[in-house]
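Good morning, everyone, and thank you for making time for this. Please have the sequence and the structure open while I talk, as I will go slowly from one part to the next.

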Amino acid sequence: MLKKLWSFLLMNIGALGVAVNVHFFLSPNDLATGGVSGLSIVLAKVFPDMSLGLIMLILNVILFIVGFIFLGFQFGAKTIYASLALSFMVWGLEAFFPMEQALSDDLLIQLIIGQIIAASGMALVFHQGASTGGTDILAMILNKYFSIEVGKGVLFSDIAIATSSIFIFGPTVGMYAFFGVILNGLVIDYALQQFDNNKEIVIISRESDLVRHFIVNQLGRGATIHYAKGAFNQEDKEVITTILNRKDYTRLKKYMTDIDNNAFITVHSMNEILGQNFKRLA
């Protein structure tokens with residue numbers, strides 16, 4: 001229960017980060033950097049009497065209905081909640097912290113800071129197994145009926161929204177919005193890598209038994225043993241492969257220095273690990 005509450009709290013913090021970016025950075029500068037928020041900023045210019053949060057809420061409801069029609073019930077409760085929570089958070093920020101003008105005259109620095117805040121928030125949401133909905137649904141529909149990869153579908157949708165802002169807000173703001181789409185994707189990828197900063201460690205050592213014992217009993221991690229033969233001297237060797245986070249890898253490296261400073265070790269950063277004690281396959 002405590003783990004679920006922590007996950008729920010992190011998901012709300014992530015959604016709030018996105019909402020802060022939309023209300024304080026994007027909307028005052030007419031930066032439509034993709035997603036439902038970007039499309040809502042464009043529509044808010046067309047329908048000035050409607051609040052941005054209300055437009056986001058209406059669009060999210062419409063997209064979920066379309067998703068249910070074309071995809072069925074493939075959306076988790078977390079995604080539905082995060083999408084609606086984001087809309088209400090933007091709505092609430094508009095009510096309690098109205099923005100009469102942009103925070104600064106420097107459009108670029110506002111875009112960069114806002115996108116870093118939002119992308120970090122979205123990474124938090126993604127790490128809890130949810131998303132903020134929106135263009136993800138359109139991407140899933142494109143994937144199902146036209147075999148377009150989901151990631152590319154999201155990118156195409158976001159670029160289309162950013163491009164449409166050129167006709168509403170002018171080429172300068174539109175180009176900044178396009179840059180924001182690219183920046184958002186880069187920061188999300190980087191932030192997610194920090195959450196799952198695991199490394200695959202491959203070790204060849206003359207003290208293989210001690211290394212295996214340390215990994216299993218001291219670090220509490222599993223390992224796989226392969227048997228190999230050296231090409232130069234035809235010597236039989238044990239190859240130990242394990243997955244460790246940064247803290248455990250540092251401990252292992254110090255231990256290896258103490259027992260076998262001639263060991264051969266390779267380290268590979270992992271983008272994603274599925275199965276066993278890591279992320280579930282489904």
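Predicted model: local features only at pLDDT ≥ 70, side-chain atom pairs only at ≥ 80, totals over all residues.

Let me begin with a question: does Asp-248 count as buried or exposed? At 8% relative accessibility, Asp-248 counts as buried, where buried means under 20% relative accessible area, exposed means over 50%, and partly exposed is in between, with a 1.4 Å probe and protein chains only.

Residues are numbered from 1 along each chain as its sequence is written, and side-chain values use heavy atoms, with hydrogens and water left out.

Asp-248 forms a salt bridge with Arg-221, their closest N and O atoms being 3.1 Å apart; a salt bridge here is a side-chain nitrogen of Lys or Arg within 4 Å of a carboxyl oxygen of Asp or Glu. Because Asp-248 lies in helix α10, residues 246-259, and Arg-221 in the loop between α9 and β2, the pair ties together parts that are 27 residues apart in sequence. Helices (H or I, at least four residues) and strands (E, at least two) are DSSP runs, numbered from the N terminus.

The structure holds five salt bridges, and another of them joins Glu-235 to Arg-206, with 3.3 Å between the closest N and O atoms. Glu-235 sits in the loop between β2 (224-229) and β3 (236-245), and Arg-206 in the loop between β1 (198-204) and α9 (208-218), so this pair ties together parts 29 residues apart in sequence. Here Glu-235 is partly exposed at 29%, and Arg-206 is exposed at 69%.

Within helix α9, Arg-212 and Asp-209 lie three residues apart, about one turn of the helix, and their side chains meet in a salt bridge at 2.5 Å, N to O. An α-helix has 3.6 residues a turn, so residues three or four places apart point the same way. Asp-209, Arg-212 and Glu-238 are linked in a network of salt bridges.

On the surface, Val-46, Phe-47, Met-50, Ile-58, Ile-62, Ile-166, Phe-167 and Ile-168 form a nonpolar patch with about 720 Å² of accessible area together. Patches are made of residues with over 30% relative accessible area and no salt bridge, like charges being joined within 9 Å and nonpolar side chains within 5 Å, and the areas come from the Shrake-Rupley method with a 1.4 Å probe. The largest share of this patch, three residues, comes from α7. Ile-58, found in helix α3, is partly exposed, with a relative accessible area of 37%.
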